[in-house]
Amino acid sequence: LSVASVEDPVVMSKIRQNLREKHARHIADLRAYYDSEIQSLKQQLESSHRTASSEDLKKINQSLADRDWCNLYVLNRCDQLDAALNEASARIKALENKNNLLEKQVADWRERFYAISNTSKALQERLEEMRAAHKEKDNTISRLKSRLRELEEAFEKAYKLSDNKNTRLQEENKMFQNLLGEYESLGKEHERVKDTLNTTENKLLDANMEISDLKRTILKLEAQLKQVEHENTLKLRH
């Protein structure tokens, strides 16, 4: 028997059943055989009592004694076999109890195995998801590295142009200072022009007021002139 067959509880149960049946048949056969022998010897003894001589009876008795010794040996052997069978039965019972315990443990381990298998399957799926996410992150990192290299190249180019830019910035700063000075001068000039403009506006307002007064005076004089002309005309007609 292979190890896997011995570990199988069905196979072990069949083996134990076969052993018990074989022991029972063997002991039953031995008992039947010696019972038949004893019966045959008794019959021979009875017949010899009737026909045999004393010498024959001695031989028969010796034979019977030998056979009785053999029978005693066989009976002792049968007792030993019974004891061995009982011991084997007790051992088998203990093994059956152990087997039942092992079967329970196997059931528990099977349940734990199924639970662990389900957990392992879930972890495997999670691992696949994490691998996919990790692959996506690797792609993102590769893109970022490419972008970083591009930025580094651009930075190097910009750094090479930084000296010219600094010179240009200094020139532009100088120009800006000049423009700022010109702007301040223009601001001062603007203030002076603004003051002059305000003075001119005031003078213009005064002139406009004088013009208005002169216009009113001219209108009065024209009215007086027309009146004098009318009087002169009337005088001339008269």
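Which residues form a nonpolar patch on the surface? Phe 176, Leu 180 and Tyr 183 do, with about 340 Å² of accessible area together. This is a predicted model, where local features need pLDDT of at least 70 and side-chain atom pairs count only at pLDDT 80 or more, while totals for chains, interfaces and linings use all residues. Residues are numbered from 1 along each chain as its sequence is written, and side-chain values use heavy atoms, leaving out hydrogens and water.

**Overall build**
- Of its 238 residues, 5% count as buried (under 20% relative accessible area, with exposed over 50% and partly exposed in between, using a 1.4 Å probe and protein chains only).
- The chain exposes about 21100 Å² (by the Shrake-Rupley method with a 1.4 Å probe), and carbon and sulfur atoms supply 57% of that area.

**The surface patch**
- Tyr 183, one of the patch residues, lies in helix α3, which covers residues 54-237.
- Tyr 183 counts as exposed because its relative accessibility is 61%.

**An aromatic pair**
- A search of the whole structure finds one aromatic pair (ring centres within 6.5 Å; planes under 30 degrees apart are stacked, over 60 edge-to-face and the rest tilted).
- Phe 113 and Tyr 114 form this tilted pair, at 6.1 Å centre to centre and 55° between the planes.
- Phe 113 counts as exposed at 52% relative accessibility, whereas Tyr 114, at 47%, counts as partly exposed.

Conventions:
Phe/Tyr/Trp six-rings, centres within 6.5 Å; stacked < 30°, edge-to-face > 60°. Patch = residues over 30% accessible without salt bridge, like charges linked within 9 Å, V, L, I, M, F, W, Y side chains within 5 Å. Salt bridge = Lys/Arg side-chain N within 4 Å of Asp/Glu carboxyl O. Helix = DSSP H or I, 4+ residues; strand = E, 2+ residues; numbered from the N terminus.
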